[in-house]
Amino acid sequence: MLSSHIYSSILPLPQGYCVDMLIPVSLISSRMIETRKCIIIYEYTYFLDGDEVSRKTFELIFENNRYIEGQSLSYRLYSKRSIKENQCGYIELDVKSKDGSRVFKAMSPFPQYEIFSNIGKKSFFSSFTNKTSDPQIIGQIELFKRFVITYPAINIDLKKDFSTAFLFINPYEKPIIIVLKTQDLKTIDRKKILPREAVYFPLSCLLSKGENSWKGQIHMTANNRIVAVVLNHKKDDMDSISNMEHLDPFRSDSTHQRFSQKIRSALRNIFSKK
Amino acid sequence: MKIDNKISPSKVICPCFDITIAHLMRAIYDNKNISYDEFLTMTNATNKCTACSLDVEYYFTKFKNSNLILEVDADTSFKIQLDNKSRKEKFYEIIDRFTPMVSMMQTNYIPIIVKNKTLDSWIWIANNSMMHEREVFGSKMDVELIVRNHLGDIKHKKKYFLDHEDCIHENVSQFLLKDVELDNNEILAGSLEINRLPIEIGVRGATRPQLEILAKEGSGAVHTQGKGRSGGGGFSCLYRPDTDIIFIAITNTDTNNKNDFSIEYPINNALNFNKGKDIVKDCISIPPRGTILHEVKLGDDYIDQLIHMKWSSTGSKSSYVFCVSTDLSQISIDHVT
């Protein structure tokens, strides 16, 4: 199936950071069918506090699957401070052919790291994630009829000066209600994320009075799918992030396969090496 | 031609706006380029109570990725026909019906690092039920952890049984320190091999392993991956030696053969900056199952510049990037190709 666009994708932009986003022209051309000339629109839209703040559009010209010309192939965007407590912004990426012609052989977002940095802060990397049509989520809904994402390695240790927060992004039109549950059955019920908002959720709330540390797994469900990342940050400074990582869907992939499938797969591996 | 009788065209998928499967099919059939967002805008679907959001997205993707043929039908207006399987696929489907189910072993590799009292690597493998409700689980599995040093020598090997609601949480980098005198400033690298063999037919659930690297003021974590193929890869970063140290970690996943890993940077396709000056070209031979840690170092001219790297290897490998603050107090880890 050919398509005129790549699925929209989402990247958080935490407060206190700028992001250098790279336009992966070689990945774009590898996704395209051969065309004499084609203009690809590569567009970043920055949302903060429920509103669109800025938009940057690149027009990239490809000819015979080779990138010919366009503007600079990277774009730096500085975060703006949210007027709301515990919020930041996010970026939505849209990629499509300018004339609507169906030039893309696959529609999933490009596997590409963007670079987060600021003066005096360690860099970290993260990639755009599907706004819709994530095959793992589709498979999950098909089998379980339910949206559940998980994180297995929450580690809060106030003595070591590090803590963890979730960052929830609702890039959709309606509010999303989320429910979190830990493996020791602590429940955080019905937190509401408004449309076009990115909300921090510090997990230090899991600590009981007098506790300094908490380790374990958290599962999360919602009335709609939601984009979520986990941030490892300094204890008292949410703007000093060590690492940003996506959550993982509760996987519906089968643990077994037919013996004949296994044989085919082994043969494919042997022949692909030759 | 296969007619999918399980999906009724008259099935309502968005009750608030009375949108049926047939409406969705029609929209995709009439406009093959329609995006999911455009469909929602056009029909208002999911836009009131939102309860149907996931179902609508599921059907949209299913039909968008199929060859749709609509036929006028007296009863339901449309008959839905899905025919996106080739003859070969149909043949395999028949064959598959007559062979038994076998368990799929999953093998992951990930580099691990350790530094005296500063950096530690921990593995997490959890098998919690969905939303901890004890109803839907990932399969029970046998898990084997193998820790190797940078030369590929086994330093630790242990088997575990991962039951429902179980969690394996182990400091795997401690084994690298066995029989080693570590200089205070030295970072020691090795690798972790994780073999998971499900022992009951089921789903993977939440069992994906996660490696966590603990530093003093900020940890980093990433899920583990299967081995990558030989050939090329690359990565881009800002060169900020006052703030960051970037390490490329490569594990040779081949048991018998060495892996020649070549790396070159900066490859500045976006900048005509210092073209050809101080380019790093390195070729390192990695012993079977061994691991190397390459620190990205350039001249001062490149400070604060965007640096593109490319590399290639002669054999299969596992590739990750560590980004560490210069005082080693914060760390992040990401997998790369």
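Predicted model: local features only at pLDDT ≥ 70, side-chain atom pairs only at ≥ 80, totals over all residues.
**Exercise 1. Identify the residues R190(A) and R134(B) by phi and by location, and decide whether each is buried or exposed.**

*Solution.* Step one concerns chain A. R190(A) is not a glycine, yet its phi is positive, at about 50 degrees. This residue belongs to strand β14 (residues 187-193) of chain A.

Step two concerns chain B. R134(B), also a residue other than glycine, has a positive phi near 60 degrees. Its place is the loop between β8 (120-126) and β9 of chain B. Because R134(B) has 11 C-beta neighbours inside 10 Å, it counts as exposed.

**Exercise 2. Describe the hairpin of β9(B) and β10(B), and state which residue in it takes a positive phi.**

*Solution.* Strand β9 (residues 141-149) and strand β10 (residues 154-162) of chain B run antiparallel and are joined by eight bridges. Second, locate one bridge within the pair: V147(B) has H156(B) in β10(B) as its partner. Third, turn to the connection. Four residues lie between the strands, and G152(B) takes a positive phi near 95 degrees.

**Exercise 3. Characterise helix α3(B): its span, its buried residues and what covers them.**

*Solution.* Start with the geometry. Helix α3 (residues 53-64) of chain B contains twelve residues, and the distance from its first C-alpha to its last is 16 Å, close to the 16 Å expected at 1.5 Å a residue.

Continue with burial. The buried residues of the helix are S53(B), L54(B), V56(B), E57(B), Y58(B), Y59(B), F60(B) and T61(B). Their cover includes elements of both chains: α2 (135-144) of chain A, and β2 (12-14), α1 (21-30) and α2 (36-43) of chain B.

Finally, place the helix in its chain. Chain B has four helices and 23 strands, and 41% of its 337 residues count as buried.

**Exercise 4. How many residues does each chain bring to the contact between chain A and chain B?** Name the element of chain B that gives the most.

*Solution.* The contact takes 64 residues from chain B and 67 residues from chain A. On the side of chain B, α3(B) gives the most, with five residues. That side divides into 27 nonpolar, 25 polar and twelve charged residues.

A strand pairing also links the chains. Strand β20 (residues 251-254) of chain A pairs with strand β13 (residues 203-205) of chain B in the antiparallel sense over two bridges. In β13(B), G205(B) is the bridge partner of R251(A).

**Exercise 5. Which residues have the most contacts inside the largest nonpolar core?**

*Solution.* The largest nonpolar core has 147 residues, and those with the most contacts inside it are L167(A), F168(A), I226(A), A228(A) and F322(B). Strand β3 (residues 37-48) of chain A gives the largest share of this core, seven residues. To see the surroundings of one of these residues, take I226(A). Leaving aside residues up to four places away in sequence, I226(A) touches F168(A), I169(A), N170(A), I176(A), I178(A) and I193(A).

**Exercise 6. Into which domains is chain A divided, and how do they meet?**

*Solution.* The domains are domain 1 (5-130) and domain 2 (135-249) of chain A. Their C-alpha centres lie 24 Å apart. The contact takes 20 residues from domain 1 of chain A and 20 residues from domain 2 of chain A. On the side of domain 1, β1 (5-13), β7 (87-97) and β9 (121-127) of chain A each supply at least two residues. β7(A) gives the most to that side, with five residues. By type, the residues of that side are seven nonpolar, eight polar and five charged.

Technical notes
Residues numbered from 1 in each chain as written. Chains lettered and ligands numbered in written order. Pairing = 2+ DSSP bridges. Core = buried A, V, L, I, M, F, W, Y, C linked by C-beta atoms within 7 Å. Buried ≥ 20, exposed ≤ 12 C-beta atoms within 10 Å, placed from the backbone. Contact = placed C-beta atoms within 7 Å. Expected span 1.5 Å × (residues − 1). Nonpolar A, V, L, I, M, F, W, Y, C, P; charged D, E, K, R; others polar. Domains from an automatic or database assignment.
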